[in-house]
Amino acid sequence: MINAIVLAAGKGTRMKTDLPKCAFPILEKPMINYIMDALDKTKVEKRIVVVGYKKEVFYDLLKNNCVFATQENQLGTADAVKAALNYLDDGITLIIPGDTPLINYEKINSLIETELALKKDITILTTFLDNPTGYGRIIRENGKIVRIAEEKDAYEDEKLIKEVNTGIMVVDNKFLKEAIHKIDNNNFKKEYYLTDLLKFTTDIASIILDDNDILYGINDLYALSRVEDMVRRNILKKHMLNGVNIINPESVTIYPDVVIEDGVTILQGSFISGNTIIKKGAIIGPNSELHNANVLENAKVKHSVVYDSRIGKGATVGPFAHIRMNAIIGEGNRIGNFVEVKNSILGTTTKASHLSYLGDSEIGNNVNIGCGSITVNYDGKKKSKTVIGNNVFVGCNSNLIAPIEIKDNAFIAAGSTITDNVDDNDLAIARSRQINKKGYAKKYK
Amino acid sequence: MINAIVLAAGKGTRMKTDLPKCAFPILEKPMINYIMDALDKTKVEKRIVVVGYKKEVFYDLLKNNCVFATQENQLGTADAVKAALNYLDDGITLIIPGDTPLINYEKINSLIETELALKKDITILTTFLDNPTGYGRIIRENGKIVRIAEEKDAYEDEKLIKEVNTGIMVVDNKFLKEAIHKIDNNNFKKEYYLTDLLKFTTDIASIILDDNDILYGINDLYALSRVEDMVRRNILKKHMLNGVNIINPESVTIYPDVVIEDGVTILQGSFISGNTIIKKGAIIGPNSELHNANVLENAKVKHSVVYDSRIGKGATVGPFAHIRMNAIIGEGNRIGNFVEVKNSILGTTTKASHLSYLGDSEIGNNVNIGCGSITVNYDGKKKSKTVIGNNVFVGCNSNLIAPIEIKDNAFIAAGSTITDNVDDNDLAIARSRQINKKGYAKKYK
Amino acid sequence: MINAIVLAAGKGTRMKTDLPKCAFPILEKPMINYIMDALDKTKVEKRIVVVGYKKEVFYDLLKNNCVFATQENQLGTADAVKAALNYLDDGITLIIPGDTPLINYEKINSLIETELALKKDITILTTFLDNPTGYGRIIRENGKIVRIAEEKDAYEDEKLIKEVNTGIMVVDNKFLKEAIHKIDNNNFKKEYYLTDLLKFTTDIASIILDDNDILYGINDLYALSRVEDMVRRNILKKHMLNGVNIINPESVTIYPDVVIEDGVTILQGSFISGNTIIKKGAIIGPNSELHNANVLENAKVKHSVVYDSRIGKGATVGPFAHIRMNAIIGEGNRIGNFVEVKNSILGTTTKASHLSYLGDSEIGNNVNIGCGSITVNYDGKKKSKTVIGNNVFVGCNSNLIAPIEIKDNAFIAAGSTITDNVDDNDLAIARSRQINKKGYAKKYK
């Protein structure tokens, strides 16, 4: 059995939030979930997550996806591993800190495969740093690793060594269960260091990490932001390599679970989150925000906000439109500037080009919603529904007082407040006659 | 005669689009046009563009600006040059790949001038790379270039050489026409390499490129994005050196053909494209998009979108305004939030401060368009025109049903739907009397 | 007495503006104010600012915060210091250029303290540059500074020296007053160099600067932009270390005087300036602009613009809202899309969810402003006030013609233009009856 212990008990005081450090989100996704997602792609068969500070948070985040072990007091990494011992099955165990969201599953697999092939007590992941200050140095004799020297405990000549510990290793469980109890806390910080495992064996292998980004310590919101930026760039790069064209990626954020087909263009300043899906040929931005949006082929969304809604094929949205709460914008629709569509279903080739609000409505095909028209869905007590048939023309600045039904081919005169249903082919009008008062303008100006 | 052969026959499979690689746009302008624009500033007198995959695309892009030669099969750079031989005039020829949009015309001129002065068979542009992997290494003996070793064919000690081929050279046509036919494809990739020209002469000069950005290979959309970023930064730098103040340039994109006078300020998140012109003292942004806009002196455009339109001197637009389709915003106008102006001409010191739509209209000087007022330009069948004179006051939430004319000094009462013309100095009103129903509010709440 | 002389007489020709160089703003704050703010945190007791070109600009910027000395002609840094001599009190003097906005007050204090401790004629701030070209090199003999060699006057072997002058020093006033008059202009540029002070003493101490960013010369708007970017990043970093969560900081600008509490989240594309204050738990952005805004606890401002206004606790604003000119948005309000609020006071839990304009109004608690409703505050002659009580329901597309008062619990029917006051609990309606014309729609379509 290949086990993994993920160390997530720490508090992260300098983050200045109530969340435990490894639960802090990076682009909306908690740090530990990046690790769990990476583990999904490895040979790891069982995961034990060691929690401590605010452990309930992790119960929510990870649900049935792992076994939880509790470290009561934060006495060091070896102490954390001790808390997980009882949950280990026979075999080998990957040990990994929970604050390394940039870890790459292929590297984890290499580490596991090296251990499986060589059957060492420990296979450790090391790396080379130009400036190793602060990291545990890898002390080798005749090429073999003999020890790790923590910064505070290292000799001056050892401090010159550039090969350092990444904190990630695979261990043989039999060795681990014996050796872990021999580790003491006779050191500067009075902590039990997991790296002291190396004191009790010389049967050690190692592999080298190529990409040192994962070592960037996340101890405050500035460091988090640096790592978030790396994650953000990795996501953008993945999409670009898949054939997505992104204009000024510096200004664009795409969250990890967004799906984008090739042939999509994302323009400057776009912010795309949640479970958004964008299909071929769509153009998003500049400055659009999409959250849980489903944007179909060749649709355009400019300077607009779309939440929990669908934009039909070839539809254009914006600039300055707001589509939300399960709105379904039909194929070939035009939703123009200063239009809000909420919880409504629109048919094909329907237009609402300017200054309208369509809420709680069902609207047919080929309807023209005039500028300034409003579905009056709220009367102070309850919300009601507006139903509009096909080929209806709603004149400008009309009010459709819901509940109401406007049937196929009807025509609503501009400036009307419509309170009663309108039948097929009928014209509805509700406005006053114009009176021109000769020379009266002066009185008012 | 100074000829140039531009190599543009390649497909660019990893770009994942149907466009041939050298036609792919960088900030809206096809890659090859950057080369052609650079050549415009050089001594090159005749250009032959070698096309192959989707050659019609280039016919459209380049029109009469060059001669086209066709490479039927992509058998390597020497094969591409062969396709162009018949079009060459006597003299010398610059050979340049079509995917080097960052090339600088001064460097091309230096290369040509070196060839003209030294009359060598070949004058080649080389450069030094810290990591030369993948590039053809320049093999010198006693300082003289004798050969180029491609990565796949280079000896181990040659691979340590840091001087590499840029792919850009000037050749003597007489030499070229003889030597090109001697090149074979006995190499790893079974291609005809243009660099093999160096096998047939020792009469070679070279000059060194200072800026290696142009070597960045554009083979996928990620690489394209990296080059686009370099182009973007170069454009911004040019404007800043000319006296344009740009706040947070990381978030700003300005397309290559935009003209901006000194004394302009561009704020964060602005996106400026097409043939936009911005005059002294104007302030653009934050978050404004301009496309083919003409923004006159001291105008301000905040959080707004302007397409194919003119913004008059000292006018203010936005936040959240949309000006489009040949709109002409007059001097000193104020176009405020949630206002759309389409295909309209406005006089001086006219205001539409909030929530209005002005479409297909002609509006005089010193007009006040009240909040929520709308030109009702579409009746379901056709679009009609609204004409408003000088000093007119249009009350809030009015509808002006086009075709209609409101003459000078007229006054439209708020909430009126105006269907008939209004004469000079007249007041027009079309609304119902207010009735207050004592205590009736309860019924509704 | 610890004096400081700040050198601000230069013009800065390449900035291409009329402002003197040291008055040019970096994130809205003039460069010299960064120096003055840093001096505020040092032991400096008296400041003399040497002005010349457009000196009135500095009189405005700095007011009573310093003494001004005038350099009539720009004859070099020593000449500038001469202009300040008469204003110096006994003791020591810090001399600092006015175009070093990144200077750090702790470093200034170290320099002053070194001078106070060692009582040298000069204590100079030096630094090491990989590429020292253009800077005055520090010439030492047996470790002691003996001279500064300006680029133009340096010997070839001196040019290899990487220790350079920062232009910042502390001098003993007695020494300064004697030596300054001995400086001549027998050099390449015919200027009086302050660094020549070192010719007249060997009693020199030095300390070393750690962060070379401050040396970045600000001579054109591109260089200014680079420094502005450093200032911008420093500000963002400070906020993140304080517990502010910033998503995609590359796209965010926060001006220097903005105050943000921990627990705030700032999303992509936000632009925050002036004396804005943001309290715990607030979420700003994406793409929001705040200027002199006061955003209280847990409020949200999305895709919106707030100027000179307050957003109450837990209120939500946007997307696409505009709050300005002393608007006070009440606790728990919802100001939705395409809503402008100007110079108005709103009570608690009041809503204006869509397409409204509230100007010059006083609105109570728990009011519902229907979609498209407008306070008609301008009649072409003057602005008037709208007063709305508590629990009022204003129906959609209503006009409230100010001056007007709508009392508690009143109800305004949708589509009404309200010209007269409405009493407590009354319903007001002003609209025409709807007429449905059988089959008439065809006529219009």
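## Strand pairing across the chains

Strand 42 of chain A, residues 435–437, runs antiparallel to strand 41 of chain B, and three bridges join the two. Within this pairing, Asn436(A) stands opposite Ala428(B) of strand 41. The model is a predicted one.

## Extent of the contact

Chain B brings 71 residues to the contact, and chain A brings 53 residues. The size of an interface is often given as the accessible area lost when the parts come together. Here the area buried between chain B and chain A is about 4500 Å². Carbon and sulfur atoms give 56% of that area. On the chain B side, the residues that lose the most area to chain A are Lys16(B), Tyr222(B) and Leu427(B), which together make up 13% of what that side buries.

## Polar and charged links

Between chain B and chain A there are 25 residue pairs in polar contact, both residues at pLDDT 80 or more. Three salt bridges cross the interface. A salt bridge joins the side chains of Lys438(A) and Asp423(B), with an N to O distance of 3.2 Å.

## The chain B side

Several elements of chain B each supply at least two residues to the side that touches chain A, among them helix 6 (221–241), strand 22 (305–307), strand 34 (374–376) and strand 41 (427–429). Helix 6 of chain B gives the most, with eight residues.

By residue class, the side of chain B that touches chain A divides into 32 nonpolar, 22 polar and 17 charged residues.

Note on methods: Residues are numbered from 1 along each chain as its sequence is written. Chains are lettered from A and ligands numbered from 1 in the order in which they are written. This is a predicted model: local features need pLDDT of at least 70, side-chain atom pairs count only at pLDDT 80 or more; totals for chains, interfaces and linings use all residues. Side-chain values use heavy atoms; hydrogens and water are left out. Contact means heavy atoms within 4.5 Å. Buried area is the accessible area (1.4 Å probe) that two parts lose on being put together, summed over both. A salt bridge is a side-chain nitrogen of Lys or Arg within 4 Å of a carboxyl oxygen of Asp or Glu. A polar contact is a pair of N or O atoms within 3.5 Å; within protein, one must be able to donate a hydrogen and the other to accept it, and residues adjacent in sequence count only if both atoms are side-chain atoms. Helices (H or I, at least four residues) and strands (E, at least two) are DSSP runs, numbered from the N terminus. Ala, Val, Leu, Ile, Met, Phe, Trp, Tyr, Cys and Pro count as nonpolar, Asp, Glu, Lys and Arg as charged, and the others, Gly among them, as polar. Two strands pair if DSSP finds at least two bridges between them.
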